[in-house]
Amino acid sequence: MSVDPNLLTPYKNTGAANASLRQISEDAFYVVNEVVMKRLGHVPILKGDFHLLPAKVQRFIAEKAELMRPRGIFICDGSQHEADELIDKLIERGMLSKLEAYENNYICRTDPKDVARVESKTWMVTKNKYDTVTHTKEGVEPIMGHWLAPEDLATELDSRFPGCMAGRIMYVIPFSMGPVGGPLSKIGIQLTDSNYVVLSMRIMTRVNNDVWDALGNQDFVRCIHSVGLPRPVKQRVINHWPCNPERVLIAHRPPEREIWSFGSGYGGNSLLGKKCFALRIASNIAKDEGWMAEHMLIMGVTRPCGREHFIAAAFPSACGKTNLAMLEPTLPGWKVRCVGDDIAWMKFGEDGRLYAINPEAGFFGVAPGTSNKTNPMAVATFQKNSIFTNVAETANGEYFWEGLEDEIADKNVDITTWLGEKWHIGEPGVAAHPNSRFAAPANQCPIIHPDWESPQGVPIEAIIFGGRRPQGVPLIYETNSWEHGVFTGSCLKSEATAAAEFTGKTVMHDPMAMRPFMGYNFGKYLQHWLDLKTDSRKMPKIYHVNWFRKDSNNKFLWPGFGDNIRVIDWIIRRLDGEQEIGVETPIGTVPAKGSINLEGLGEVNWDELMSVPADYWKQDAQEIRKFLDEQVGEDLPEPVRAEMDAQEKRVQTL
Ligand code: OXD
Ligand code: MN
């Protein structure tokens, strides 16, 4: 197909991005239709029937096509046939290659400058700054949410989006977060010029024509994404991965339910259903509608007696949520089934219980460290129909990353690293990028829960917070109340990970595991949690776990992985009302000595693992006060402040 030269002429800033910041008025249909057709101009529809789309969708597409000037519009249907055609095209172009050892698995390498979420360039746009950020202490930068004024967004968009898709195809991806048409589900439409994004969204969300039917009268989240490199391209494209790292911008307009992402093709920056929609925008919708959008896995745990319990758990990025969600119990008679590994949308039902759905349809897991030893169920999940990004490849057509050394058949095999260099196991350097990922369909997980797509969700009895805490924090403790649990979640910390642009091993605050994903003022978010408690509701109990405590020799005190079922066993017995298995401490209830089943584990230093060291917690109390005072200030809800004061007093008695 020849490219219309008009579409390649430099696009003059006509304020189109500004115009797109206004809500289009609900004109009479025939007027809108005329406007739509004019806006669409010469841009041809390459696939799909534009005229069959709801008018509001036509308007959205036409308005953005006028702005971004793609060479054509491709309306995705999410079918296998469509995916196969895109895959063939990307293989031909060299962006994707088949991993020959598996069925329908592909590998892709990004430009090495585009490898993780870019938190410093991620913005929430609200008229009032304090709708987004808290009243931090003077001179203190808020770490939960970055605010951008609407006028500044307009300037930023105007300098990026006009003409940004010149010479490229604009794909229209209709997707549902949650089962299509479900009462807790929501619809989004993503426009993108990345076919890698189309393929990944198809794994990670539900993309199909039923979404148009489900749309009906409801609104949709507007997701606009461009790799930010219009054609003709003036710079060298590395690894056939167009991107524009210097100009990255990920902006959210919560009141308008709109997301603008520019310059990156990777992960949470570009698969807009995930962090941008399902957490940042959805937490705003959830506040307005009285539910919760959280960075949590959901698991069903069946005990030997046959009773099942559902648990949600919030850990910061790359702390093993996927591993916990797919845990293979080492205790006999136990069974874990996975509902979700990253995000939970939760709403109280008529019966007063909290029901959770996994809004996603796939797993976008961190590859390094995932193996048959650490997570055999994840390994089974990505044996087919999956996309691997920034992992290494063996000469036998297998994926490879750090952690697979013992499992690979030929230990001397030639390996091509994520940077395209030849490498062998044992040589210096790493084979895979630490934030390399697999994207795999959730329904391929051998232990996916039969109710994982239940539109009503599953009833949550316990919420677990956790992080990587090498020092001071016991393996498990139960908080004293919903309010104490909310306070404990607000104090969540973890070692930095490679999922974003941070490096090093410093322990960072990550309240509720939501720091990078906060959609609005964190104080109001805490208040929302508090407001959810009513007399007629059965509030889940809240726990804190730490699989990562180390001894003085820097060795982990707890084996983790499948043995974490022993901790879950304790939690469930507490839910059942077993009082005698707990010992109260100033930070909550820890297990009474011997109350966690350690059979078959060998040596475990119980006292060190469960201890609540006085010095550590006294200092932590001060540090938490400083953090919440500086970061949340006057926005800190009174009940959370009261919990902080009370805990500080209690730890003085240690
Ligand atoms: C993720 C993350 O990708 O939390 O899930 O960074
Ligand atoms: Mn995550």
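Me: Which residue is the bridge partner of Leu96 in β4?

Reply: Cys108 is the bridge partner of Leu96 in β4. This is a predicted model, where local features need pLDDT of at least 70, side-chain atom pairs count only at pLDDT 80 or more, and totals for chains, interfaces and linings use all residues. Residues are numbered from 1 along each chain as its sequence is written, chains are lettered from A and ligands numbered from 1 in the order in which they are written, and side-chain values use heavy atoms, with hydrogens and water left out.

Me: What makes β3 and β4 a pair?

Reply: Strands are DSSP runs of E, at least two residues, and helices are runs of H or I, at least four, numbered from the N terminus. Two strands pair if DSSP finds at least two bridges between them. β3 and β4 (residues 106–108) have 3 bridges and run antiparallel. So they count as a pair.

Me: Why are β3 and β19 edge strands?

Reply: The open sheet has 5 strands in the order β3-β4-β20-β25-β19, with mixed pairing. β3 (96–98) and β19 (362–366) each have a single partner strand, so one side of each lacks a neighbour in the sheet.

Me: What packs on this sheet?

Reply: Helix α8 (residues 195–204) does, touching β3, β4, β19, β20 and β25. Contact means heavy atoms within 4.5 Å.

Me: How do α5 and α8 pack?

Reply: Helix α5 (residues 80–93) and α8 pack at about 140 degrees, with axes 10 Å apart. Axes are lines fitted to C-alpha atoms, for helices over the stretch in contact, and angles run from 0 to 180 degrees between N-to-C directions. Among the residues that meet are Leu86 and Leu90 in α5, and Tyr196 and Leu199 in α8.

Me: Is the crossing of α5 and α8 left-handed or right-handed?

Reply: Left-handed. That label means that the near helix is turned anticlockwise from the far one by less than a right angle; clockwise would be right-handed.

Me: Why are Leu354 and Tyr355 called buried?

Reply: Buried means under 20% relative accessible area, exposed over 50%, partly exposed in between (1.4 Å probe, protein chains only). Leu354 and Tyr355 are buried, so each falls under 20%. In β18 (residues 354–357), Leu354 and Ala356 point one way, Tyr355 and Ile357 the other.

Me: Which strands pair with β18, and how do you know?

Reply: β17 (residues 344–348) is joined to β18 by 4 bridges, antiparallel. β26 (residues 458–466) pairs with β18 over 3 bridges, also antiparallel. Phe348 stands opposite Leu354, and Ala356 opposite Val458.
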